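User: I would like to go through the terms used for this model one at a time. For each label, please set the value against the criterion and then conclude.

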Amino acid sequence: MIKIMFICHGNICRSPMAEFVLKDMVKKKGLEKDFYIASSATSREEIGNGVHYGTRKKLKEFGISTDGKVAVQLTEDDYDNYDYLIGMDFYNIRNIFRIVGEDYKHKVYKLLDFAGRDDDISDPWYTGNFDKTYLDIKEGCEALLKKLGVF
């Protein structure tokens, strides 16, 4: 089983969007049993809060539900419990290292690294552009699955 943790600042916009997009992709391939996919935050600001309305609305366009998801924080133990810790931007990566320490097993990536892009997933909390965020996340998730031999 491949265990993937998506991470952003608050775990209400980008990382849950990536979590549920990837869950939908693997479900459509009939591979749910081969993956464990989750998301978390590097901050404590939104812990316990549900997914941002803009993310829920965007994913609903594709029939993807985020029901039951609430923001949780990344922990040091997550480093040993997941195969991939995938941040959305440079600051997430910096804060992931602050929480988990050294990446001695090479598990930490930015999502768009898999697509061959050294770009950040822009935060729709600030930009309001959930469409662009969705397209970048979809591209990153497809590239991740291709790297894993699924696509």
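**Labels and their grounds**

User: Which residues of α2 are exposed, and on which side of the helix are they?
Analyst: This is a predicted model. Tyr-53 and Lys-60 are exposed, and they are on the other side of α2 from the buried residues Gly-54, Thr-55, Lys-58 and Leu-59. Helix α2 covers residues 53-60.

User: What puts the buried residues on the same side of α2?
Analyst: Gly-54, Thr-55, Lys-58 and Leu-59 are the buried residues. They cover an arc of only 125° around the axis, so they are on the same side of α2. The buried residues of α2 pack against α1 (14-28) and α6 (130-147).

User: Why does Ile-12 count as buried?
Analyst: Buried means under 20% relative accessible area. Ile-12 has 7% relative accessibility, so Ile-12 counts as buried. Ile-12 lies in the loop between β1 and α1.

User: What does Ile-12 touch, leaving out residues up to four places away in sequence?
Analyst: Its contacts include Glu-46, Asn-49, Gly-50, Val-51 and His-52. Thr-55, Ala-71 and Trp-125 are also touched by Ile-12. Ile-12 and Val-70 are 58 residues apart in sequence, and their C-alpha atoms are 7.6 Å apart in space.

User: Where does His-106 lie, and why is His-106 called exposed?
Analyst: His-106 lies in the loop between α4 and β4. Exposed means over 50% relative accessible area. The value for His-106 is 58%, so His-106 is exposed. His-106 also has a positive phi, about 55°, although it is not a glycine.

User: What makes β1 and β2 a pair of strands?
Analyst: Two strands pair if at least two bridges are found between them. Seven bridges join β1 (residues 2-8) to β2, and the two run parallel. In β2, the bridge partner of Ile-4 is Ile-37, and the partner of Met-5 is Ala-38.

User: How do you know that β1 and β3 pair?
Analyst: The criterion is at least two bridges. β1 and β3 have four bridges and pair in the parallel sense. In β3, the bridge partner of Ile-4 is Tyr-84.

User: What is the order of the strands in the sheet, and why are β2 and β4 called edge strands?
Analyst: Four strands form an open sheet in the order β2-β1-β3-β4, with parallel pairing. The edge strands are β2 (35-41) and β4 (108-110), as each pairs on one side only. Neighbouring strands of this sheet are turned by 25° against each other on average, direction ignored.

User: Why is β2 called largely enclosed by the rest of the structure?
Analyst: Six of the seven residues of β2 are buried, so β2 is largely enclosed by the rest of the structure. β1 is mostly covered, with five of its seven residues buried.

User: Which helices lie across the strands, and at what angles?
Analyst: α4 (residues 90-100) lies across β1, β3 (84-87) and β4, running at about 165° to β4. α6 lies across β1, β2 and β3, running at about 155° to β1.

User: Which elements make the right-handed β-α-β unit?
Analyst: β1, α1 and β2 make this unit. A crossover is right-handed if, with the strands pointing away from the viewer, the path from the first strand over the helix to the second runs clockwise.

User: How many residues has the largest nonpolar core, and which elements supply it?
Analyst: The largest nonpolar core has 32 residues. Ile-4, Phe-6, Val-21, Leu-22, Ile-86, Leu-111 and Ile-137 have the most contacts inside it. β1, α1, β2, β3 and α6 each supply at least two residues of this core. A second, separate core of 12 residues includes Ile-7, Tyr-79, Val-100 and Val-108.

User: What does Leu-22 touch, not counting residues up to four places away in sequence?
Analyst: Leu-22 touches Ile-4, Phe-6, Ile-37, Cys-141, Leu-144 and Leu-145.

Conventions: Residues are numbered from 1 along each chain as its sequence is written. This is a predicted model: local features need pLDDT of at least 70, side-chain atom pairs count only at pLDDT 80 or more; totals for chains, interfaces and linings use all residues. Side-chain values use heavy atoms; hydrogens and water are left out. Buried means under 20% relative accessible area, exposed over 50%, partly exposed in between (1.4 Å probe, protein chains only). The arc is that of the directions from the helix axis to the C-beta atoms. Contact means heavy atoms within 4.5 Å. Axes are lines fitted to C-alpha atoms, for helices over the stretch in contact, and angles run from 0 to 180 degrees between N-to-C directions. A nonpolar core is a set of buried Ala, Val, Leu, Ile, Met, Phe, Trp, Tyr and Cys residues joined through side-chain atoms within 4.5 Å.
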